[in-house]
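Subject: Structure for you to look through

Hello,

Here is the structure I promised you. Please open it first, then read my notes beside it.

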Amino acid sequence: MSATELYDRLPDRGGPGQPLLTVRGLRKYFPIRGGILGRTRAMVQAVDGVSFEVRKGETLGIVGESGCGKSTTARLAVGLIERDEGDIIFDGDALGDTLSLRELRRGIQMVFQDSYASLNPRLTIEESVAFGARVQGLSDPMGRAHGLLARVGLDPARFAQRYPHELSGGQRQRVNIARALAMSPRLVVLDEAVSALDKSVEAQVLNLLSDLRAEFGLTYIFISHDLNVVRYISDRVLVMYLGEVVEVAPVDAIWARQAHPYTRSLFSAMPSMDPDNRTEEPPLTGDPPNPIDPPEGCRFHTRCPFAATLCGRKVPKLRKIGADGHLAACHLHDPASGHPKAGKIA
Amino acid sequence: MFSYFLRRLILVLPVAFGVSVICFLLVQIAPGDPLTAIMPVDATAEEQAAMRAAYGLDRPLPVQYAIWVGNLAQGDMGRSIATGRPVAGEVFGAVQNSLLLAVSAAVIAFPIGIFLGFLAGYFRDTALDKAVTAVSIAGVSVPNYWLGIVLVIIFSVNLGWLPSMGAGPGGSRDWSWNWEHMRHLVLPAVTLAVVPIGIVARTVRALSGDILSMDFVQALYAKGMSRFDVLIHVGRNAAATALSVMGLQLGYLLGGSILIETVFNWPGSGFLLSNAIFQRDLPLLQGTILVLALFFVAMNLIVDVAQAAIDPRIKRS
Amino acid sequence: MALTETLEPVQTPEARKGYWAGVAQRLARDPVSMLCLAVVAALILAAIFAPYLGLADPYKGSMIARLKPIGTPGHLLGTDEQGRDMLARLIHGGRLTLFIGLMPVVFAFFIGSALGVVAGYVGGRLNTIIMRVVDVFFAFPSVLLAIAISGALGAGIVNSLVSLTIVFVPPITRVAEAVTSGVRSLDYIDAARATGASALTVIRVHVIGNVLSPIFVYATSLTSVCMILAAGLSFLGIGVRPPEPEWGLMLNTLRSAIYVNPWLSALPGVMIFVTSLCLNLLSDGVRSAMNVRD
């Protein structure tokens with residue numbers, strides 16, 4: 001089966017210049033219920049005012065510590081969690097306006113971290129892969145499933161009838177990728193999709209993902225805490241801290257210069273292969289603050305080596321700091337902010 | 001601790017409300033007109049309507065419920081249709097006798113159950129363990145109303161050692177602490193104890209088996225602690241769970257003794273209940289069930305609080 | 001396509017068989033379970049085919065042949081207080097006793113699973129409403145609830161079935177809800193939802209198959225209690241009506257004979273005990289046979 005037969009791609013609408021996905025002012029607070037009557041006692045501010053764009057055909061990497069809202073952002077974008085506020089615009093159509101949730105799900109699919117938990121243990125893998133195509137009424141779901149299994153490197157003759165517990169972790173993750181592709185999506189969200197795999201298997205799956213992107217003209221959102229992997233696969237990188245976007249930049253630009261102090265400490269914590277490239281930044285100390293009650297002003301100021309009084313009062317806006325589309329949300333990079341060291345560092 | 005108690009107490013209120021609704025509805029699902037039992041057969045339609053109005057039966061259901069609960073709050077549970085006496089008095093007298101029976105059964109069952117369960121847990125996978133497991137499965141499988149009959153056949157009919165009926169000599173309905181009354185208590189209490197022996201033994205076996213295999217027990221042995229002292233440690237760790245199981249069992253004993261009371265003609269709440277059923281004495285039925293269920297709810301509350309007092313982990317969660 | 005499988009170990013493709021076939025195989029290796037299964041099956045078959053076994057008429061009494069002892073010629077297990085053949089009545093008695101003792105659990109299994117799965121999958125307010133109502137029913141010990149409802153409804157086979165079903169729906173709902181909430185949080189449910197499938201489709205394809213077996217195991221553990229309760233209702237006189245043969249009812253009517261022929265009067269209880277014991281042991285066996293893989 002050829003790629004075109006396997007794929008019923010949705011038609012492109014806005015042309016190559018229009019972002020495939022635009023997220024604007026996305027907010028999600030999870031209530032913590034407690035007490036006698038189950039009233040809402042507090043809100044976990046999981047995602048607060050997140051905006052970004054994903055261009056057609058690119059891979060956007062999202063990095064940050066665990067609990068920073070990466071996964072919540074992904075689930076919001078796929079519509080698995082209902083957002084409190086914000087716009088999700090898919091190729092020009094706003095969700096809830098000209099785009100229904102069902103249509104959005106046809107266009108965006110997701111691959112999860114836990115390869116075992118994301119497959120129904122009671123279904124054979126061909127049934128798992130064919131399920132989505134069947135739900136969406138695509139033609140020949142089983143043939144499509146077999147074609148895709150073959151495409152991700154699992155011979156249908158050997159594997160199609162197996163149950164998830166009969167496969168290795170890498171094989172299961174290939175099944176999950178095939179399952180996502182069976183919906184013929186345009187955008188695939190990979191939520192720590194290779195993080196749980198052995199290094200050798202991880203490399204194979206990453207190569208597979210690159211091949212598939214080229215072959216099917218896919219766009220990826222690639223969520224990971226592993227910066228090396230993000231660098232390998234991404235075109236642009238988005239850094240999140242405590243539910244907010246702190247920096248967005250093309251991958252080369254951010255590896256050359258980390259504008260936000262948080263990004264810098266995140267990168268400095270990355271083990272380097274080069275003995276000359278020694279870490280000079282102090283590593284981040286302590287745990288991130290509680291997202292129930294995040295710090296006022298810049299959320300990073302409690303752990304920031306450059307924090308000034310201003311940082312605890314005023315929320316920095318995400319603003320352009322380089323010609324190549326490099327954005328950062330830090331008073332240091334806003335000469336007009338009034339930060340004593342503004343414009344002097346980096 | 002006190003705030004935990006208050007929180008639990010407030011959680012119990014909706015349950016108590018639900019219990020009262022179910023007890024109220026019991027009368028509504030009963031077939032036939034509740035008046036037929038008290039009205040003379042030749043009553044005219046006007047007389048029936050007047051009676052209906054007098055009992056509030058012509059009002060909508062929610063109003064009837066509100067009136068009923070209002071009366072309950074003042075300790076008025078209505079009057080027995082069969083005897084004309086206030087339900088509250090009848091029920092509380094009977095519940096006292098049931099409670100005596102339930103507590104006696106618990107006093108027999110809990111030590112035996114704990115002992116057997118601990119033996120089985122300590123000597124896990126030995127013949128002793130298997131024997132205890134068999135006994136406890138038999139204990140939870142036996143229909144205790146039949147066991148009562150068998151015990152009567154053995155100890156009253158064949159051996160003639162113990163009386164088979166009533167709470168005292170000459171069909172006495174009032175308990176007193178003397179030898180004759182105690183003799184009447186033996187068979188029903190033993191019969192009632194069999195199921196909880198099985199359940200407590202099973203629980204304690206699982207608990208002590210689990211705890212004995214935990215790391216901290218090995219550590220205690222490694223510290224050179226004696227076998228007995230280790231057992232004390234293990235016992236305290238098992239206490240919270242075992243206590244909650246036993247507390248619930250006490251509640252079950254009170255509510256579940258109905259069949260046993262029938263077998264032994266024990267003048268308790270179950271006996272009252274079966275009389276109420278056969279005389280279609282719905283107010284009495286309703287009142288007895290309500291009191292027993294609320295007792296069970298209260299028992300649950302006490303168990304929760306006691307468990308929290310023993311095990312500090314519970315309060316936090 | 002240069003993908004290699006060599007680096008990833010392929011797990012031994014064991015002889016493929018269904019999950020239930022594996023459970024049955026493990027169960028078949030347990031002698032206690034097999035014995036209990038044989039007893040329960042024999043009782044059920046005897047009950048179904050009772051009219052064709054060439055037994056005496058279970059309704060036909062005789063004034064002169066009352067309470068004949070066990071071993072009387074022509075009455076292998078003696079006769080009851082109305083001179084009816086005990087063997088015939090015990091075997092015929094299995095029909096109603098087993099029917100009323102097992103069917104409520106079957107009904108409650110379907111109703112409770114449906115309620116629990118919906119509550120667990122949908123969550124939110126619907127979950128709160130269903131589970132709070134369930135909590136209220138938990139405030140009644142099961143014996144008390146069964147007797148209360150049967151007592152109010154009055155005697156009768158249908159009324160017994162109704163009241164016992166009501167008794168067992170709440171515990172099954174609670175287990176079904178807990179199991180479903182657990183499954184609901186797994187990624188494969190999210191993956192299924194992300195296909196745009198309706199809640200009903202996701203439940204049908206992805207939830208039911210994964211929650212039914214633990215609920216089923218729990219339900220089997222209730223059959224023994226249900227048997228004892230069903231016979232208990234008849235024993236109290238609020239279950240099956242005379243002159244139908246039913247073990248609990250027979251136990252009741254024979255009580256008057258304990259001074260005349262004591263062991264005869266205990267026979268119906270032996271039947272209840274044996275059945276309930278076998279159901280309990282069988283349920284334990286099924287439970288351990290099913291837990292092997294998890």
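Chain B has 13 helices and 0 strands. Here helices (H or I, at least four residues) and strands (E, at least two) are DSSP runs, numbered from the N terminus. Along the sequence, chain B therefore reads α-α-α-α-α-α-α-α-α-α-α-α-α.

This is a predicted model: local features need pLDDT of at least 70, side-chain atom pairs count only at pLDDT 80 or more, and totals for chains, interfaces and linings use all residues. Residues are numbered from 1 along each chain as its sequence is written, while chains are lettered from A and ligands numbered from 1 in the order in which they are written.

Back to chain B. Its C-alpha trace spans about 85 × 55 × 35 Å along the principal axes. Of its 317 residues, 37% are buried. A residue is buried if 20 or more other C-beta atoms lie within 10 Å of its own, exposed if 12 or fewer, and partly exposed in between; C-beta atoms are placed from the backbone. Two residues are in contact if their C-beta atoms, placed from the backbone, lie within 7 Å. Among the contacts in chain B with a separation of 6 or more, 73% join residues 24 or more positions apart.

Next, the B–C interface. In chain B, 39 residues are in contact with 35 residues of chain C. Helix α1(B) gives the largest share of the chain B side, 8 residues. That side has 32 nonpolar residues, 7 polar and no charged. For these classes, Ala, Val, Leu, Ile, Met, Phe, Trp, Tyr, Cys and Pro count as nonpolar, Asp, Glu, Lys and Arg as charged, and the others, Gly among them, as polar.

Chain C comes with a record. UniProt, in an unreviewed entry, lists a "transmembrane region" for residues 32–55, 96–123, 143–169, 215–240 and 260–282 of chain C. Its positions are given in the numbering used here, feature names are shortened, and annotations may be inferred rather than shown by experiment. In the model, residues 215–240 of chain C are 85% helix and 0% strand, with end C-alpha atoms 29 Å apart. Residues 260–282 of chain C are 91% helix and 0% strand, with end C-alpha atoms 36 Å apart.

Chain A holds an open sheet of 8 strands. The order is β6-β7-β8-β3-β9-β10-β12-β11 (chain A), with mixed pairing. Two strands pair if DSSP finds at least two bridges between them. The edge strands, β6 (108–111) and β11 (319–320) of chain A, each pair on one side only. Strands β3 (residues 59–63) and β8 (residues 219–223) of chain A run parallel, joined by 4 bridges. Leu60(A) has Ile221(A) in β8(A) as its bridge partner.

Most residues other than glycine have a negative phi, and most peptide bonds are trans. Glu192(A) has a positive phi, near 50°. Glu192(A) lies in the loop between β7 (187–191) and α8 (199–216) of chain A. It counts as buried because 20 other C-beta atoms lie within 10 Å. Arg280(B) also has a positive phi, about 50°. Its place is the loop between α11 and α12 of chain B. Arg280(B) has 19 C-beta neighbours inside 10 Å, so it counts as partly exposed. In chain C, the peptide bond from Pro242(C) to Pro243(C) is cis, with omega near 5°. Pro243(C) sits in the loop between α8 (199–236) and α9 (247–253) of chain C.

Best wishes
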